[in-house]
Amino acid sequence: MTYILVLEQILNGLQLGVMLFLMAAGLTLVFGVMGLINLAHGSLYMVGAFAAAAVAGWTGSFLLALIASLAAAAAAGALMELVVIRRLYQRDHLDQVLATFALILIFSEGTRWLFGSFPLFLDVPSHLSGPVSLPGGIEYPLYRLTIILIGLAIAAGLFLLIARTRIGIQIRAGEADREMIAALGVDISKLYTLVFALGAALAGLAGALVGAIQSVQVGMGEPVLILAFVVIVIGGIGSIKGALAGALLVGMTDTLGGVFLPQLFAVFMDPASAASAGASLASMLIYILMAAILLVRPSGLYGGSA
Amino acid sequence: MKTIRMLAMAAAIPALAAAAQAETKIGMITTLSGGGAGLGVDVRDGFMLAIEQDGRDGVEVVIEDDQRKPDAAVQIADRMIQSEKVDILTGIIWSNLAMAVVPAATAQGVFYLSPNAGPSALAGKRCHPNYFNVAWQNDNLHEAAGAYANEAGLKNSFILAPNYPAGKDALTGYKRMYGGELAGEIYTKLGQTDYAAEIAQIRASGADSVYFFLPGGMGISFLKQYAGSGVDLPVVGPAFSFDQGILQAVGEAALGVKNTSQWNKDIDNAANAAFVSAFQEKYGRLPSLYASQGYDTANLILSALDKAEASDQDAFRAALQAAEFDSVRGDFKFGSNHHPVQDIYVREVIKEGDVFTNKIIATGLSDHADAYAGECKM
Amino acid sequence: MMLTRERLLNWAMIAALLIVPLAAWSLDEPFIITLATKAAILALAGVGLNIALGLGGMISLGHAAFFGIGGYAMGILAAHAQNYEPLFAWPFLFEGSNQMPLIWLVAVVFSALAALVIGALSLRTSGVYFIMITLAFGQMLYYFAISWSAYGGEDGLSIWVRNEFPGLNTLDPIQFFAIAYVILCLALVFAARLARSPFGLALAAARQNEDRVEAVGLTPFTLRLIAFVISGAITGLAGALFADLNRFVSPTMLSWHTSGEIMIFVILGGVGRLYGPVAGAALYIMLEHLLGGISDYWQIFLGLLLLLIVLFARGGLIGALAGREKAHG
């Protein structure tokens, strides 16, 4: 095990963490401001990826594809909010879980109806493909490095948005006291639609960015959705800071656990069964992490009251 | 669940024969919705093409969607056997669904012909006289890849597969034939989409080649990320990650990859040429491996029906075992455990115009049977 | 006993669930019986979840864990019995079993134990955190089952012949239905008595006002934990029956989609309504059966229908047919 490999794996963990943050930011905002638990957030991730693949197919431009993913996911999100979600704010979590579960069914099968059952093609643009050499002799894929940078930039932008802008103030006020900001004359339903569309756009962007190095297919959002939930629960629901901390923690744990657990097991087992046993434990690791954190801090790292 | 009933036209059959022929009912349980529906659609389309081309009277096919859920598949099978009274079942894509359906179906006296899955238990200890596999035993393509690695002079392979039974069978199959060293052996998470960590390990391992079994979306993700990583070791895989349906989604990243398959569209025989052009004409796309397996399965059934009725079980079984039909793979015969004994080829991914496809470059294993036949006592 | 509309409806439903398969039996339509059996078993799983959800107010998105543990209890015991491989040799030789009563006992004990552990840990949290942590425990078991190759991993475990029940031929669809139906009825009686018992009333009180319950000297945590264990045990029993219906168990039973589906049965029928899961499971299976015939994309319609029910028909099917419920009872 060389230190270069370890560093490279840390970068990989960072990249996964940054992607999870894009997903988790929207989820946690929507929960923080509207008190809504949205299982269909993964569908918006899928919408972004499909929109990007379709536009890249027509125009050949990756940049246009990214813009399309933002636009399509934001539009789908706004539509979802206007038609369904806004009827759920006053309901209990149970109704929210069920209604958004129903939305997953509609979005998944609807996408399959539109685009067919086979995965779509979306590739890394040529000027971003291939590896770059980093200081210390690490060869790292340029595209993944770009994802890390885009993700960190968006995280910074989001923090600025919330700390410095008018909308940010309204969002924070909404988190603190929902009735109050309505009383202050803020157009609350517009704010809600905006926040929901913003979260959706981030999820769509994540889907498009990841779609270029993974496969664009129906159901791609669900595994990410579950990870994103783990992230916001670890971080404390409603907290953007918590979402970032949780995302990086989950990204690192999942990546490093998957690499090092089998090697750890190989110290006292034969290689084949160590590979298998290590992989089994690694796949459960983030859930164990989440359970452990909730036992110590029942409302997550940065959570106030749930 | 969708039901399609298909009654073939009577026109082509002489009146006498038609009168003598009893109705044969075939139940097809396959995956037509949700993730993985593409494979089921291809098997169905290949199968129905053969049935339509044949056009005989008295063959009815009932098709139902299993949604890739074992419990749904079991219930459809129960219904087809109990209510619809089918003679023959076929269609299942996934090993876990086959394990759930096949033993109970054959125990109830129905024939089952597998157009895709070939779990080792059904080839060995749990084999059954009424179970025939028309595709391959699960290990076969991996064994051929191991044999090809030896021939190509690869001496230090890095191998990976998902951590589930078919993944373990895959690596076992590869190692059974492969004679070189292993630079590493990794089991990934089922459904995993990011392979950065594994690729970093491959880079650090000093391997001279990579063998992977990652079906469906997992393989697409792996190949795209591998192509972007700057690691340029030769890659070998089974056909599943390089087949017609999936190849367009992988794109350039797959070009030049060697993969093993018992079928390709350029196998030179009349049946195959006719199949490829008829399939393209009817469905407007190139046939996949799965479509070829569905097509062969239907033609095998029809060839056996020429000799015996399905209700005459012993005669029908003997007719299936004889396998006297024009397979699109060329030579085809069954071993003692009702699994194929066949050639397995090595293909290379190429680009024809705008379409990614495969061409055969070598034969991996000739007249290859599976490793479990000895355990089958029937 | 007052004859409310809801009570009449409940009787009609439970009678219909008996009459339909009997009619199918006389008409020799065994598949309808299989469907009815499936409905009865899934309703049983829903009755279990409803004790946590409706009575205790605990939104568990991890009940697939107990359903799956019940399934695996059946799979593991029966697989050992059918292969003559001892499950353990100490303190006594045990070769597994194909006797349903013993399998049920094991399923109930193990799913109750799992519910005790998961509940004790999860109930430290509340609200969304509770939903998510139960989901996480479910996923943990799901990934464990996938990689547990000794019992088939992702492929699952197949049982060749359905397990036995003394005096009955379980392979006969109508007799197996009878077993599932009787168990469902017993569970419904049990759930009804539980809701009316001092324990049930205290639990419902804890759901509505925690402080008041604490003031009379009860700890809501203990009340909820006991309810969660009972709930898990009943769902586990349903899991064992479901595995026997299919003669097959696989990690799919543990996936979060299964948790979602069990929840759908409860909510389709009406949360907190005793017979809600029966109505919900029956409706779900009818929908699956009928819509599936119309289109490959039938899940779109299922999703739309669910959405409409959640948005506009609160109280579910029973709520729509029987009108608003008067508090519990």
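Guide: Arg247(C) sits in the loop between helix 9 (220-246) and strand 2 (248-249) of chain C, where helices (H or I, at least four residues) and strands (E, at least two) are DSSP runs numbered from the N terminus. The model is a predicted one, so local features need pLDDT of at least 70 and side-chain atom pairs count only at pLDDT 80 or more, while totals for chains, interfaces and linings use all residues. Residues are numbered from 1 along each chain as its sequence is written, chains are lettered from A and ligands numbered from 1 in the order in which they are written, and side-chain values use heavy atoms, with hydrogens and water left out.

Although Arg247(C) is not a glycine, it has a positive phi of about 55 degrees. With a relative accessible area of 8%, Arg247(C) is buried, a term that means under 20%, with exposed over 50% and partly exposed in between (1.4 Å probe, protein chains only). In chain B, His338(B), also not a glycine, has a positive phi of about 65 degrees; His338(B) is in the loop between strand 12 (333-334) and strand 13 (340-352) of chain B, and it counts as buried at 6% relative accessibility.

Turning to the contact of chain C with chain A, 39 residues of chain C and 44 residues of chain A take part, contact meaning heavy atoms within 4.5 Å. The area buried between these chains is about 4,100 Å², with 80% of it from carbon and sulfur atoms; this is the accessible area (1.4 Å probe) that two parts lose on being put together, summed over both. On the side of chain C, Tyr129(C), Trp256(C) and Tyr297(C) lose the most area to chain A, together 18% of what that side buries.

Between chain C and chain A the count of salt bridges is zero, a salt bridge being a side-chain nitrogen of Lys or Arg within 4 Å of a carboxyl oxygen of Asp or Glu. Six residue pairs are in polar contact across this interface, both residues at pLDDT 80 or more; such a contact is a pair of N or O atoms within 3.5 Å, where within protein one must be able to donate a hydrogen and the other to accept it, and residues adjacent in sequence count only if both atoms are side-chain atoms. The elements giving two or more residues to this side of chain C are helix 5 (127-147), helix 10 (256-269) and helix 12 (298-312) of chain C, and helix 5 of chain C supplies the largest share, 13 residues. That side divides into 28 nonpolar, eight polar and three charged residues, with Ala, Val, Leu, Ile, Met, Phe, Trp, Tyr, Cys and Pro counted as nonpolar, Asp, Glu, Lys and Arg as charged, and the others, Gly among them, as polar.

Chain A also meets chain B, in a contact of 33 residues from chain B and 34 residues from chain A. About 2,700 Å² is buried between them, of which carbon and sulfur atoms give 55%. The rule finds three salt bridges across this interface, and the side chains of Asp194(B) and Arg144(A) meet in a salt bridge at 3.1 Å, N to O. Arg144(A) is among the buried residues of helix 5 of chain A.
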